[in-house]
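Student: I would like to learn how to read side-chain contacts and a ligand site in a model. Where do we start?

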Amino acid sequence: MFSPNASPAPPCNPVGPDLVGMGRAALAEEMAAFGAEPFRARQLWHWIYHRGVTDFAAMTNLAKGFRERLAARYELRRPEIATALASADGTRKWLLRFKDGQEVETVHIPESDRGTLCVSSQVGCTLNCTFCHTGTQHLVRNLGAAEIVAQVMVARDALGEWPSPAEGRTPGTPALAGGRPGVTNIVLMGMGEPLYNYDNVAAALKIMMDPEGLAVSRRKITLSTAGVVPMIARIGAELGVNLAVSLHAVSDELRDQIVPLNRKYPIAELLQACRHYPGSSNARRITFEYVMLKGINDSPAEARELVRLLKGIPAKVNLIPFNPWPGAPYECSTDAAIAAFSDIVFDAGYSAPVRTPRGRDILAACGQLKSESVRARRTAPAPAPAA
Ligand code: SAH
C-alpha cells in the first residue's frame, strides 16, 4: 500500500517499471495487478500516448492519491537526448541515449505537406551492406518496443506536438505553429534491420497505430527491409503497414556483394515474397529502394533489367543518390546517369522519383546514421587536442 511521505512526491519512480512502451493488454494487466479498475488503464493510455505527459501529477482526471501511488511505483521514461542537431534544410536529428548507455539516432524530415520520422530498430546492424555506414558497425543490441516507441514520443516532445487540453486536435495533423508538420509519417529506415527485431518492432508499431494514442495510421507507416524473406508476409498480414525493399542491384552476383543478406535470400525469392505481399495493390504499392552507385549499379541496362524483374508486382521505385561517408568505397552516380535510369523505369510505367538527400550536413541522410557518434565515443577518453 501507498504510505504518505512528508517530502514532495517525485514525478515518478526512476527505478520502477516503465509504463511507456506497454501495449494496451500489458497496461491493462499491469493496472489489474496494481489493484486499479480497468477504466484506469484506458485513462493512463490516453495520458501517456495521446497527451504525452511525463508526470503523473499532470493526469488531472485521476484522484490525487492514485496519482501518488502510481508515481511511487512507476516510471514514465524518456530516453535522454544526448545530442540534438538541426540541418540547414530543417531536418532534425536526435542522438538518444537509453538507460544502459546505448545510443541510436532518430531523424525528422519536414516537408510542406508532411513530417516524416525516421526511426531506428537496432543499435548497429548485422547486415554489413557495403555502401551503408551503419552497416560497417557491429550490432550492439535490439531495441525494445518501448525504445522504438520512445523515438516518436521524443520527436513529439521536441516538436511541441502534443495536443493541449483545450485542443481536440489529433497529434500528427499538421497544425503546429506556422502549419509546420510534426510527425505525420513514420519510416522504419533508421539504424538496423527491423525484421531481425520483428517482435519488438511489431509491438511498437501496434502502439504507434492505436487511434487513441499516437494515432499514426498504418498507411502512413513504412517498414524498410533489406529482404528477410521469411518475415515479409507477416508484416502485411499482422501489421498492414507499407513495405519498402532495399533492392539496390538486379543481379545476384552484385547483390551478394553489396547487400550480403542476398546470399541467404536471393533476388528471385525476395521478389516472390513481394509478389505475394498481403494487401499490396496498385493503390498500395511496394517501394523498391535503389541506391545510385557510380559505375556499380547505375547503367541503362540495369534499369531495363529492374523493370523486367518488377513485372507483376505493384511497385514504385525510389532512387536514392548515394550519401557519402568518410572512407566509403563508392561515389554517387552522376545526375545524368540518375536521370537516365529514372526515365527508363518511368517509361515502363513505374513511378521512379529520386529521393532528395536531406540532412547531409548533419549526417542524417540515408546510410549516414550513428557514424559520427560512434567515432566521438571512441575518441572520447583521449584529451581533445587543441585545434
Ligand atoms: N535495414 C533496412 C532499414 C534501413 S533503411 C533496409 O536495409 O531497408 C535505410 C535505407 O538507406 C536503405 O534502403 C539503405 O539501403 C539505404 N542506404 C544505406 N546507406 C546508404 C547511403 N550511403 N546512401 C544512400 N542510401 C543508403
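Tutor: Start with accessibility: a residue is buried under 20% relative accessible area, exposed over 50%, and partly exposed in between, using a 1.4 Å probe and protein chains only. This is a predicted model, so local features need pLDDT of at least 70 and side-chain atom pairs count only at pLDDT 80 or more, while totals for chains, interfaces and linings use all residues. Residues are numbered from 1 along each chain as its sequence is written, and side-chain values use heavy atoms, with hydrogens and water left out.

Student: How do I read a salt bridge, and how many salt bridges are there?

Tutor: Side chains of opposite charge can pair when their charged atoms come close. The cut-off is a side-chain nitrogen of Lys or Arg within 4 Å of a carboxyl oxygen of Asp or Glu. By this rule the model has 18 salt bridges. One of them joins Glu103 to Arg97, at 2.8 Å from N to O. Arg97 is partly exposed, with a relative accessible area of 29%, whereas Glu103 is buried at 1%.

Student: Are Glu161 and Arg156 buried or exposed?

Tutor: Both are buried. Their side chains meet in a salt bridge of 3.0 Å, N to O.

Student: Which parts of the chain does the pair Lys294 and Glu331 tie together?

Tutor: For the element names, helices (H or I, at least four residues) and strands (E, at least two) are DSSP runs, numbered from the N terminus. In Lys294 and Glu331, the closest N and O atoms of the salt bridge are 3.7 Å apart. Lys294 lies in the loop between E10 and helix H9 (300-310), and Glu331 in the loop between strand E11 (315-321) and H10, so the bridge ties together parts that are 37 residues apart in sequence. Lys294 is partly exposed at 39% relative accessible area, and Glu331 is exposed at 52%. Elsewhere, salt bridges that share partners join Arg24, Asp210 and Glu212 into one network.

Student: How are aromatic pairs described?

Tutor: A pair of aromatic rings is described by the distance of the centres and the angle of the planes. Rings of Phe, Tyr and Trp (its six-membered ring) pair if their centres lie within 6.5 Å; planes under 30 degrees apart count as stacked, over 60 as edge-to-face, and the rest as tilted. The count here is 5 aromatic pairs. One of them, Tyr290 with Phe341, is tilted, with 4.9 Å between centres and 35 degrees between planes. This pair links distant parts of the chain, 51 residues apart: Tyr290 is in strand E10 (residues 286-292) and Phe341 in helix H10 (residues 335-347). Tyr290 is buried at 1% relative accessibility, and Phe341 is buried at 1%. Separately, Phe34, Phe66 and Tyr74 form one aromatic cluster.

Student: Which residues come nearest to the ligand?

Tutor: A residue is near a molecule if one of its heavy atoms lies within 4 Å of it. Of the 21 residues around the ligand, Phe131, Ser224, Ser246, His248 and Asn323 come nearest. Strand E8 (221-225), E10 and E11 each supply at least two residues of the shell.

Student: Which side-chain atoms lie by an oxygen atom of the ligand?

Tutor: A polar side-chain atom of Ser246 lies 2.6 Å from a ligand oxygen, and one of Glu289 lies 3.2 Å from a ligand oxygen. Thr225 instead places a backbone N or O atom 3.4 Å from an oxygen of the ligand.

How values were computed:
A polar contact is a pair of N or O atoms within 3.5 Å; within protein, one must be able to donate a hydrogen and the other to accept it, and residues adjacent in sequence count only if both atoms are side-chain atoms.
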